[in-house]
Structures are given as C-alpha cells and as structure tokens.
Amino acid sequence: MKVHLIDGTYELFRHFFGAPSHLTEKGHEVGGTRAVLASMLSLLEQGATHIGIATDHVIPSFRNDLYEGYKDGSDIDPVIFGQFQILEDVLEAAGFVIFPMVEFEADDALGSAARRANTDTRVDQVVICTPDKDLGQCLTSDHRIVQYDRRKKVLTDYEAVIEKFGVSPESIPDYLGLMGDTADGFPGLSGWGAKSSSTVLAVYNHIENIPDDPNEWEVSVRGASKLGKTLEENRELALLFREIATIVYDAPTFGSLDELQWEGPGSDFAKIAKTIDATNLIERTEQIAETR
C-alpha cells in the first residue's frame with residue numbers, strides 16, 4: 001500500500017490564493033477550505049487509501065523559544081488564519097485523520113508519521129505531499145519515503161534532493177543552517193549561500209565536521225577565507241539554525257497504520273459541509289465511500 005501524508009497548512013494557503021473566494025451567509029470566508037476538501041476527495045478518487053493530514057493548529061512552536069526571529073504567524077492574513085479550525089473540522093468530519101500540531105509544526109508531524117509508517121511491512125511507499133524543502137531530509141535511499149508536489153506534479157526522491165541541492169537528504173538541516181531559510185525567519189551565516197553551503201557540505205556532510213581553518217578544506221570555494229572566519233566565529237549559531245531546521249520525529253500523529261485508512265465520512269459530515277456551502281461535495285463523498 002501507499003500512505004499519503006498531506007501538508008494541510010500548505011494546502012490551505014495554496015488554495016486560498018488559487019481558488020475563488022466564497023463567503024457564507026454569516027460572512028465567513030471559506031473558499032480555501034472548500035477547495036482543500038475537494039482536493040482531498042480527488043486524492044481518494046485517484047486511488048489513495050491511507051491518508052494523514054498535518055495542520056498547524058497554532059503557528060508558534062518550540063522553535064520560537066530557540067530563536068526570537070523565527071516565524072510566529074504575525075504576518076498571516078487573518079482571513080486565512082480564520083480558516084485553520086474550520087479546515088480541521090471539515091476534513092475530520094469527511095473521515096480524514098488530522099494531526100493538529102500545537103507544540104510542534106506540521107512538518108514535524110509529516111516527518112514523524114512518515115517514519116512511523118515506514119516501519120510497517122505492509123507499506124510499499126510513503127508519499128509526503130508538500131513542496132517544502134525541509135521535508136527533503138526525511139527521504140530514504142530505498143525510495144520508501146518520497147516527496148510529491150501536488151501542484152506541480154513533481155516527485156522528489158533521494159537522488160533528486162542531491163541533484164537539486166547538491167547535498168544528501170541527511171545534510172539538508174546543515175545546508176539550511178548555513179544558508180538560512182527566509183521563509184522560516186532565520187538568516188543563516190553571512191556570506192554562506194546555496195553554492196558555498198552545498199559545495200562544502202558535499203565533502204563534510206555536517207557543520208561540526210567542517211575544519212575551522214579553510215586552508216584545511218578539501219574543496220575549493222570562492223571566498224573561503226571569509227567564509228571560514230564567519231563559520232569559526234558563528235559555528236554555534238549555525239548549529240542552532242540547524243536545530244531549528246531539523247524535523248522532530250516524535251510529534252504525536254497516529255498509533256496504528258489502520259487508523260489512516262479512509263472509510264467514509266462521519267455522521268456529522270453533511271451538517272458541517274452545509275456550513276461552508278459545500279453541499280455539492282456531500283454526494284461526491286458518499287459516492288467515493290460506496291466504491292470502497
């Protein structure tokens with residue numbers, strides 16, 4: 001079997017900006033939520049059987065305690081933020097298993113669920129559905145865990161990460177620790193860009209393995225002297241950024257893999273679907289359930 005793990009927060013954002021706006025009679029914007037539900041139904045119609053959806057129930061996580069500049073959600077459009085709870089309620093009523101993160105983040109839930117599912121011998125492959133480069137660190141060389149961008153329809157496996165970033169999946173946190181990740185709010189080290197970071201890590205794999213003296217580096221990098229000095233003076237900061245970029249694999253997700261098998265909508269689905277004016281999806285959901 002294949003297990004599909006969905007980045008629900010990303011799905012809400014992409015559909016919020018890509019789908020038509022829809023206001024309920026009470027004036028609530030639910031266009032993104034309706035579109036995500038329809039998208040999950042399409043996944044079922046394409047043959048998916050075991051699905052877990054990770055969401056950021058709240059934005060701040062333990063990483064905000066590690067670094068003050070880490071993303072805290074203050075820049076999120078309140079109209080999007082207002083759909084977080086609605087999305088979880090609708091998807092759960094539709095019969096999907098949700099991993100709502102509070103202390104951790106959706107990325108941690110995806111990584112944790114992928115690793116847990118990978119231990120089940122019934123699983124042929126785990127597909128992490130998100131374009132987030134952070135999740136590249138979770139991919140395995142045996143291709144049992146892969147990543148899929150549903151919008152671009154691009155599958156990324158272990159070798160594809162190496163081809164794209166110049167480092168193995170195991171080095172992705174180090175790569176981000178050196179060059180930073182502006183989307184998540186940490187800058188990396190001054191002067192360390194994608195090229196220099198990947199070139200050095202391709203040899204040393206991890207930040208702590210890089211010699212302080214660039215003259216000892218077994219690789220040629222432009223501006224090595226300045227880069228080496230920056231790393232020597234800020235190695236602890238780079239290690240902190242790496243910790244921030246590292247997926248936590250013990251986030252709460254599911255107990256048994258059987259929990260992820262979609263078996264149809266709950267008894268309250270029709271009622272909840274009507275609150276977001278998604279009555280057209282009620283019959284569609286029931287039809288999918290009849291074919292299972």
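Me: Which element gives the most to the lining of the largest pocket?

Reply: Before the answer, a note on the source: this is a predicted model, in which local features need pLDDT of at least 70 and side-chain atom pairs count only at pLDDT 80 or more, while totals for chains, interfaces and linings use all residues. Residues are numbered from 1 along each chain as its sequence is written, and side-chain values use heavy atoms, with hydrogens and water left out. On a 1 Å grid over the protein atoms alone, a pocket is an open set of points with protein on both sides within 12 Å along at least five of seven lines, a cavity is a set where a 1.4 Å probe fits but cannot get out, and lining residues have an atom within 4 Å of a point. Helices (H or I, at least four residues) and strands (E, at least two) are DSSP runs, numbered from the N terminus. In this model the answer is H1, which gives three residues to the lining of the largest pocket.

Me: How much space lies in the largest pocket, and which residues are the closest to its centre?

Reply: A volume is the space filled by probe spheres set on the grid points, which are joined across faces, edges and corners. For the largest pocket this comes to about 640 Å³. There are 25 lining residues, and the closest to the centre are Thr9, Lys71, Asp132, Ala183 and Asp184. The elements that give two or more residues to this lining are helix H1 (8–18) and helix H6 (106–118).

Me: How do the residues of that lining divide by class?

Reply: The classes go by residue type: Ala, Val, Leu, Ile, Met, Phe, Trp, Tyr, Cys and Pro count as nonpolar, Asp, Glu, Lys and Arg as charged, and the others, Gly among them, as polar. The lining of the largest pocket holds seven nonpolar, six polar and twelve charged residues.

Me: How many cavities of 30 Å³ or more does the structure hold, and what lines them?

Reply: There are two. The largest cavity has about 50 Å³ of space, and its lining includes Arg63, Lys71, Glu105, Asp108 and Asp184; by class, that lining has four nonpolar, no polar and seven charged residues. The second largest cavity has about 40 Å³ and is lined by Gly8, Thr9, Leu12, Thr55, Asp56, Phe84, Leu87 and Glu88.

Me: Where do Asp212 and Arg235 lie, and is each buried or partly exposed?

Reply: The side chains of Asp212 and Arg235 meet in a salt bridge at 2.6 Å, N to O. Asp212 lies in the loop between helix H9 (194–204) and helix H10 (224–245), and Arg235 in helix H10, so the pair ties together parts that are 23 residues apart in sequence. Buried means under 20% relative accessible area, exposed over 50%, and partly exposed in between, with a 1.4 Å probe and protein chains only. Asp212, at 40%, counts as partly exposed, whereas Arg235, at 15%, counts as buried.

Technical notes:
A salt bridge is a side-chain nitrogen of Lys or Arg within 4 Å of a carboxyl oxygen of Asp or Glu.
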